[in-house]
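Please look at the sequence and the structure shown here.

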Amino acid sequence: MNVTKFFILAAVAASLGWQAGAQTYDTNNEVVQTLAGSGFSGDVDGVGQLTMFNNPNAIVADSQSNLFVSDSGNLLIRKITPDGTVTTFAGGGSSSPPGYGTNVSLQCWGFSSIMIDHSNTLWVTTAATSGYFFRIGSNAYVSIPTNLPGFAGQAAAICVDSGNNIYYATGNKIYRYTTNGVFSVFAGSGNSGYADGNGIFTAFNGPAALASDSANNIYVWDSGNDLIRRIDQSQNVTTLAGKYRNNSSADGVGTNAAFSSIYQMCFDNSGNLYLACGNCIRKIDAQTNVVTMAGSFTQTGYTNGAGNLARFASADGVCISGGTIFVADSGNQRIRDIAFNPQPQVVSGANLGIGTFAGVTITGIVGRTYQIQSSPNMSSWTTRATQLLTSSPYLWIDQNPVSGNKFYRAVLLP
């Protein structure tokens, strides 16, 4: 039955102009959960799932594990702290840049992509035809860099290397702007096409996402060619993965894998490249093995759980922080996270409190689910309740009379 269902879905995909091939899931027991967002479209700050976004399409993390979201439908930059608190970091005011935080209007710009450098400065490329950057410092000051040369057309993608040099893509070229103010074409002739080689003697067709690894190789999603290309610091351009203009999705190795769409890319410290591919999150390791972390080539929706069962509705943004992958799930108006092989965690004593009544005070993560257990002897435990935290601290009251000794604990569920 499952095989029949797969081929039916593949046939539907083919009729829409793209094909779904073999999908291989990673073996690290990834589990998808919801960090923030209620599923309703809007602009509501708060904590965890008691918040609203409007088409969040990109996400990055700073050195303190704060997340910054391009909330494109609201034309805001939202911030999510590690405890799940969502605030508006920039946008929503009446004046154009420069200015601070929520006093600045970003209405006239539109968002194309977002990046954070090693000084925790945000760089946002615009969807405006004039194609400008604006940058937002860690103090929420929004400005347009006056020392960055202008260019024609949209800046479709941006990334930063380990030396804080900036790379961006526009007009079928990849530009580099160094920290000492040198501006140059890093790769690409500007002609639309496909050619590996060196520097300007190469061709791209709609570069739409960039990422830099620890060796400062620049990776390009060459969207018009359906390829992932790599540019080393000698400006040599090679093809890393994908099938030329194949417009399909398939896991595999290197050029045996296929991609139909990639919206954002990021690296971890082990050289793995993570890809936000709309319906799924995929990974390319250092040996160019391509696997799926979570989601489906052919099915959309909203489902938490194991990677192969999880569903997204336009997973447009991806970043990694503290060993967790975060996803901007634009179609579901949510920020999701992917944990590796999660295990139930007993909450430490410092986060539990027992009052004169039979109850447990949980200081935990709003929007996550906890299991409350009791025991007469701290040896055998009985589940008393499963509780989604809507606030922190959260007081849970035992509705049953206490007789004899009774110990309590709270367990954070995966």
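Two strands count as paired if DSSP finds at least two bridges between them. Helices (H or I, at least four residues) and strands (E, at least two) are themselves DSSP runs, numbered from the N terminus. This is a predicted model, in which local features need pLDDT of at least 70 and side-chain atom pairs count only at pLDDT 80 or more, while totals for chains, interfaces and linings use all residues. Residues are numbered from 1 along each chain as its sequence is written, and side-chain values use heavy atoms, with hydrogens and water left out.

Begin with strand S17, which is joined to strand S21 (residues 236-241) by 2 bridges, the two running antiparallel. Within this stretch, Gly197 is placed opposite Val237 in S21. Both strands belong to an open sheet of 5 strands in the order S17-S21-S20-S19-S18, with antiparallel pairing. At its edges are strand S17 (197-198) and strand S18 (207-212), each of which pairs on one side only. Strands of a sheet pair through backbone hydrogen bonds, either parallel or antiparallel.

Another open sheet of 5 strands has the order S23-S27-S26-S25-S24, again with antiparallel pairing. Strand S23 (252-253) and strand S24 (264-267) each have a single partner strand, so one side of each has no neighbour in the sheet. Inside the order, strand S25 (residues 273-276) pairs with strand S26 (residues 280-284) in the antiparallel sense over 4 bridges. Here Tyr274 stands opposite Lys283 in S26.

Is Ala90 buried or exposed? Ala90 is buried, because its relative accessible area is 0%, and buried means under 20%, exposed over 50% and partly exposed in between (1.4 Å probe, protein chains only). Leaving aside neighbours within four places in sequence, Ala90 is in contact with Leu76, Ile77, Gly101, Thr102, Leu106, Ile136 and Val142, where contact means heavy atoms within 4.5 Å. Ala90 and Ala140 are 50 residues apart along the chain, and their C-alpha atoms are separated by 6.5 Å.

The last topic is cysteine. A disulfide is a covalent bond between the sulfur atoms of two cysteines. The rule used here asks for a pair of cysteine sulfur atoms within 2.5 Å, and by this rule the count is 0 disulfides. Cys266 is buried, with a relative accessible area of 11%, and Cys159 is buried with 4%.
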